[in-house]
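Please look first at the sequence and the 3D structure shown here, and keep both in view while you read the report that follows.

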Amino acid sequence: PSMIVDANTRTWSSPMQLGKSAAAVIRRANGEHWLRADHGPDALSDQLGCIDVALIHGFRSRMLDAHIPNQYIAELVSRHPERLIGIAGIDPLVPDSTDELTKSLEMGLAGISISPSMQGLHPTHSSAMKIYETCSDKGMPVFVSRPEIGIPESVLEFDRPLAWDEVARNFPDLKIILGGVGFPWVDETLLLLQKHNNVYADLSFLTRNPWATWNTLLNAQALGESTTNIMDRLLFASGWPAQSPSHAIERLYSLNSFAQGSNLPTVPRATIRSIIERDTLTALGIELPPGRTGADTTLKAALTLDTSVNQTSNS
């Protein structure tokens, strides 16, 4: 049976856990979706109606003094073990990062999440390479996130997807997932997917920009036809609380509205559905949550959204 897995969600008890600088930027900018009173764990569980499993990410940045602890993530997973899978937030520049990775494994977290620009860390830094080596040995995927908001201290050149080419060459068995298809460097990300079978990309945040998403999928489709089907390594993700999973699904199914009444190309609806219902856990080598053998929520929400072609603007 099909399953809908949201590959990138976050929750926190206070925006200050993202660091003072990020919290200040969020307050000044159009960041209401980050500051809502309903961004906590109970709100996340309320959002799971249209999906089967959510990967929930921790976050650590010594540079920004930011911390969503892995213990907190593990406790959330223990409250909803059949619906949540924990991803550890690791900052390779923190001296105890290797110990933290070991503890995360012991707590049952299934992968790690790093944020190079928000950690002041080049992806090939020697400390990071040691972490990847352990992840490769343990079969833990590495999720790469970049800020949706412009944090003054963040080091943008560390976000360039091409830096991951060296990592993928060194660790051919390591699963690397580039968040938001590496936006705005989408073409670099697609080239990496074309080159390396172990590199994936999730659609988190990108789907809030339907025009960028539509272009990305058309480019992936064209590249995939010439070599390998890179569309198979695009993963559904909402980036919650940036948007709800249901909004992300609706926006994906609405993409072809750009082409209505024109000669513009379209993304086959079956392709969009295959992304939304991708077997992400098997692809990334992550075990199903205990007691779950497949989809046991209905896909009614997604199938209802399949009929919608009008939701193309951010709501």
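Which residues point one way from β2, and which the other way?

## Basis of the report

The structure is a predicted model, in which local features need pLDDT of at least 70 and side-chain atom pairs count only at pLDDT 80 or more, while totals for chains, interfaces and linings use all residues. Residues are numbered from 1 along each chain as its sequence is written, and side-chain values use heavy atoms, with hydrogens and water left out.

## Strand β2 and its two faces

From β2, Val53, Leu55 and His57 point one way, whereas Ala54 and Ile56 point the other way, and all are buried. Here buried means under 20% relative accessible area, exposed means over 50%, and partly exposed lies in between, with a 1.4 Å probe and protein chains only. The wider pattern is that side chains in a regular strand alternate between the two faces of the sheet. Because five of the five residues of strand β2 (residues 53-57) are buried, the strand is largely enclosed by the rest of the structure. Strands (E, at least two residues) and helices (H or I, at least four) are DSSP runs, numbered from the N terminus.

## The sheet

Eight strands make up an open sheet with parallel pairing, and their order is β1-β2-β5-β6-β7-β8-β9-β10. At its edges are β1 (5-9) and β10 (234-235), each of which pairs on one side only. Two strands are said to pair if DSSP finds at least two bridges between them.

On one side, β2 is joined to β1 by three bridges, and the two run parallel; Val5 has Val53 in β2 as its bridge partner. The pairing of β2 with β5 is also in the parallel sense and extends over four bridges, with His57 standing opposite Ile87 in β5. Elsewhere in the sheet, strand β8 (residues 176-178) and strand β9 (residues 199-202) run parallel and are joined by three bridges, and Ile176 stands opposite Val199 in β9.

## Salt bridges

Side chains of opposite charge can pair when their charged atoms come close. A salt bridge is counted when a side-chain nitrogen of Lys or Arg is within 4 Å of a carboxyl oxygen of Asp or Glu, and the search of the whole structure finds five salt bridges. One of these is formed by Asp159 and Arg146, whose closest N and O atoms are 3.2 Å apart. This pair links distant parts of the chain, since both Asp159 and Arg146 are in the loop between β7 (142-144) and α8 (164-170), 13 residues apart. With 8% relative accessibility, Asp159 counts as buried.

Another salt bridge brings together the side chains of Asp165 and Arg169, at 2.6 Å from N to O. Because Asp165 and Arg169 are four residues apart in helix α8, about one helical turn separates them. Asp165 is buried, its relative accessible area being 16%, whereas Arg169 counts as partly exposed at 48% relative accessibility. The side chains of Arg273 and Glu277 also meet in a salt bridge, at 2.8 Å from N to O; Arg273 is partly exposed, with a relative accessible area of 31%, and Glu277 counts as buried at 14% relative accessibility. Salt bridges that share partners also join Asp165, Arg169 and Lys195 into one network.

## Cysteines

How many disulfides are there? The count comes to zero disulfides, a disulfide being a pair of cysteine sulfur atoms within 2.5 Å. Cys50 counts as buried at 7% relative accessibility, and Cys135 counts as buried at 1%.

## Pocket and cavities

On a 1 Å grid over the protein atoms alone, a cavity is a set of points where a 1.4 Å probe fits but cannot get out, whereas a pocket is an open set with protein on both sides within 12 Å along at least five of seven lines, and lining residues have an atom within 4 Å of a point. Grid points are joined across faces, edges and corners, and a volume is the space filled by probe spheres set on the points.

The largest pocket has a volume of about 330 Å³ and a lining of 18 residues, of which Ile85, Gly108, Ala110, Ile286 and Glu287 lie nearest its centre. Strand β5 (residues 84-89) gives the largest share of this lining, three residues. There are two cavities of 30 Å³ or more, and the second largest cavity holds about 80 Å³ of space. Its lining includes Arg146 and Asp159, along with Trp164 and Leu178.
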